Amino acid sequence: MKKIFLLAVLAGGLAFGQSKKVVASDVHWWGYKVAKSEASSHDGTVKVKSGDMVMKGNQLVGGSFVLDMTSINATDLSGEYQQKLNGHLKNGDFFEVEKFPTATFKITSVKKNNDKIYNSLVTGNLTVKGKTNPVTFPAKISYSKGVVSLVSNKFSFDRQKFDVAYKSTMQDVFVKDDIDMLVKVTAQ
């Protein structure tokens with residue numbers, strides 16, 4: 001009887017996948033102004049608070065990630081200008097981190113991609129400021145010795161779909177709607 005139970009547990013694990021906890025991450029973002037100038041873009045980082053990747057055999061089949069929006073940081077500036085931009089990104093002008101301290105991404109599908117480097121297309125539901133929309137991006141996914149790695153190609157999403165809108169008299173005339181991201185996550 002014990003052997004049957006053990007076999008059922010093992011089979012269940014294979015059917016539903018094995019969850020791997022995120023142990024390292026690097027999420028980089030780029031935002032752009034419409035008017036081209038020396039300061040026409042900013043870039044920075046946001047930390048992954050927690051996450052997991054679900055494997056079925058050696059294939060990524062799911063997962064979810066929680067982004068700590070309070071950690072959003074412009075890395076292209078320093079000193080007073082960096083502090084001002086970070087405050088601007090965190091307040092009601094953009095991400096409202098006091099009200100929405102986290103954002104989430106939940107993988108809904110992983111498909112083969114015909115790109116030699118970015119061998120997969122990852123689709124998931126991104127939730128920012130309580131608004132959820134699908135996002136798809138190309139990624140290089142590898143799995144070896146119990147460690148899964150996901151490295152995205154640079155991809156874009158429309159911040160307006162998440163109500164990340166600059167609240168000023170000029171509205172969004174000066175800021176492009178697309179935010180670019182590059183994501184690297186390792187789980188084991």
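## Salt bridges in the predicted model

A search of the whole structure turns up 3 salt bridges. The model is a predicted one.

| Pair | N to O distance |
|---|---|
| Lys84 and Glu80 | 3.1 Å |
| Lys129 and Glu96 | 2.9 Å |
| Asp177 and Arg159 | 3.5 Å |

**Lys84 and Glu80.** This salt bridge joins two side chains with an N to O distance of 3.1 Å. Both residues belong to helix H2, which spans residues 79-90, and they are 4 residues apart, so about one helical turn separates them. Lys84 is exposed, with a relative accessible area of 52%. Glu80 is exposed as well, at 51% relative accessibility.

**Lys129 and Glu96.** The closest N and O atoms of this pair are 2.9 Å apart. Lys129 is buried, at 7% relative accessibility, whereas Glu96 is partly exposed, with a relative accessible area of 24%.

**Asp177 and Arg159.** Here the side chains meet in a salt bridge of 3.5 Å, N to O. Asp177 is in strand S9 (residues 175-187) and Arg159 is in the loop between strand S8 (155-158) and S9, so the contact ties together parts that are 18 residues apart in sequence. The relative accessible area of Asp177 is 32%, which makes Asp177 partly exposed. Arg159 is buried, with a relative accessible area of 2%.

Note on methods:
Residues are numbered from 1 along each chain as its sequence is written. This is a predicted model: local features need pLDDT of at least 70, side-chain atom pairs count only at pLDDT 80 or more; totals for chains, interfaces and linings use all residues. Side-chain values use heavy atoms; hydrogens and water are left out. A salt bridge is a side-chain nitrogen of Lys or Arg within 4 Å of a carboxyl oxygen of Asp or Glu. Helices (H or I, at least four residues) and strands (E, at least two) are DSSP runs, numbered from the N terminus. Buried means under 20% relative accessible area, exposed over 50%, partly exposed in between (1.4 Å probe, protein chains only).
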